[in-house]
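Please consult the sequence and the structure while reading.

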Amino acid sequence: MKRQYWALLFVAVFALIAWRGILWTPGHVYQNWDRVPTPFPEEMRQVADISKHAWASKYDMGAPGAFSGITRWFDIVTRDLGSYIGGPVIVRWEGPVYALVGAGGIVALCRLLGLGLAPSMLAAMLYAFNPRQFSMTVAGHVEESGFVLALLPWVLTLLSRAAGTPSWRRFFGLSLTAGLLGALACSASPFGIVFYGSFTFFLA
């Protein structure tokens, strides 16, 4: 087995242990009021509808949607499409899945930098299970922040590979893919914009 797969296997096992209290609890799991995935598909689609309009009629007896439009693609991917998976599944598995996808991006980036198994595994663990991300799992907003943090390492990996390729066709393909992933990350509310700007700034 290649070294990067050992690192991902370790992250996956740790994720299953870390989220065991959520994964195996029967019924629909509510952490607190700020957790968006709801038990019923129609409720999830109603939450996704907010980004379609400048006025959100479903919250606080009606309120302006300050970020309406920005989050539209995020809502399509996680809420409109997610409604077919179901809130009870998403609320359990989005944390571990986000952690594993983000760790995979970190491992790919470490491989690109020529790092070995131990530093790759350490970097993946620190990235996927940092205290802030763990606190978001309980406090809410892991749906947005976890989504962004899962995509950003792949954006950086694609940009790094684009910068090092001698092929113009490959350069444009990698750059376009990185741009589309970055745009999707930025659609995940202000979290996405801030995180994307911070990560790409340090790469530059």
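## A buried charged network

Asp 75 has a relative accessibility of 1% and therefore counts as buried, the limit for that class being under 20%. This value, like every other in the report, comes from a predicted model. The side chain of Asp 75 meets that of Arg 79 in a salt bridge, with N and O 2.7 Å apart. Both residues belong to helix α4 (residues 72-80), where they are four residues apart, about one turn of the helix.

Arg 79 is likewise buried, because its relative accessibility is 8%. Arg 79 also forms a salt bridge with Glu 144, and the closest N and O atoms of that pair are 3.2 Å apart. This second bridge links distant parts of the chain, since Arg 79 lies in helix α4 and Glu 144 in helix α9, 65 residues away. Glu 144 is buried, as is Arg 79. Through shared partners, the salt bridges join Asp 75, Arg 79 and Glu 144 into one network.

The structure holds three salt bridges. One of them brings together the side chains of Arg 72 and Asp 80, at 3.3 Å from N to O. Arg 72 and Asp 80 are both buried. The salt bridges are listed below.

| Salt bridge | N to O distance |
|---|---|
| Asp 75 and Arg 79 | 2.7 Å |
| Arg 79 and Glu 144 | 3.2 Å |
| Arg 72 and Asp 80 | 3.3 Å |

Helix α9, which carries Glu 144, runs from residue 142 to residue 164.

With a relative accessible area of 7%, Phe 147 is buried.

## Aromatic pairs

A pair of aromatic rings is described by the distance of the centres and the angle of the planes. The structure holds eight aromatic pairs. Among them is the pair of Tyr 98 and Phe 147, which is edge-to-face, with 6.3 Å from centre to centre and 75° between the planes.

Elsewhere, Phe 14, Trp 19 and Phe 129 form one aromatic cluster.

## Gly 104 in helix α6

Gly 104 is found in helix α6 (residues 87-112). Its relative accessibility is 9%, so Gly 104 counts as buried. Which residues does Gly 104 contact, leaving aside its neighbours within four places in sequence? They are Leu 8 and Trp 154. The C-alpha atom of Gly 104 is separated by 8.2 Å from that of Gln 4, although the two residues are 100 residues apart along the chain.

## The protein as a whole

The protein has 11 helices and two strands. Along the sequence, these elements follow the pattern α-α-α-β-β-α-α-α-α-α-α-α-α. Of the 204 residues, 43% count as buried. The accessible surface comes to about 11200 Å², and carbon and sulfur atoms account for 72% of that area. Among contacts between residues at least 6 apart in sequence, 73% join residues at least 24 apart.

The mean pLDDT of the protein is 81, and 82% of the residues score at least 70. Where is confidence lowest, and where is it highest? Confidence is lowest in strand β2 (residues 63-64), with a mean of 62, and highest in helix α10 (residues 168-186), with 91.

Methods. Residues numbered from 1 in each chain as written. Predicted model: local features only at pLDDT ≥ 70, side-chain atom pairs only at ≥ 80, totals over all residues. Heavy atoms only, no water. Expected span 1.5 Å × (residues − 1). Buried < 20%, exposed > 50% of the residue type's maximum accessible area, 1.4 Å probe, protein only. Contact = heavy atoms within 4.5 Å. Areas by Shrake-Rupley, 256 points an atom, 1.4 Å probe, with all protein chains shown as cover. pLDDT = per-residue confidence, 0-100. Salt bridge = Lys/Arg side-chain N within 4 Å of Asp/Glu carboxyl O. Phe/Tyr/Trp six-rings, centres within 6.5 Å; stacked < 30°, edge-to-face > 60°.
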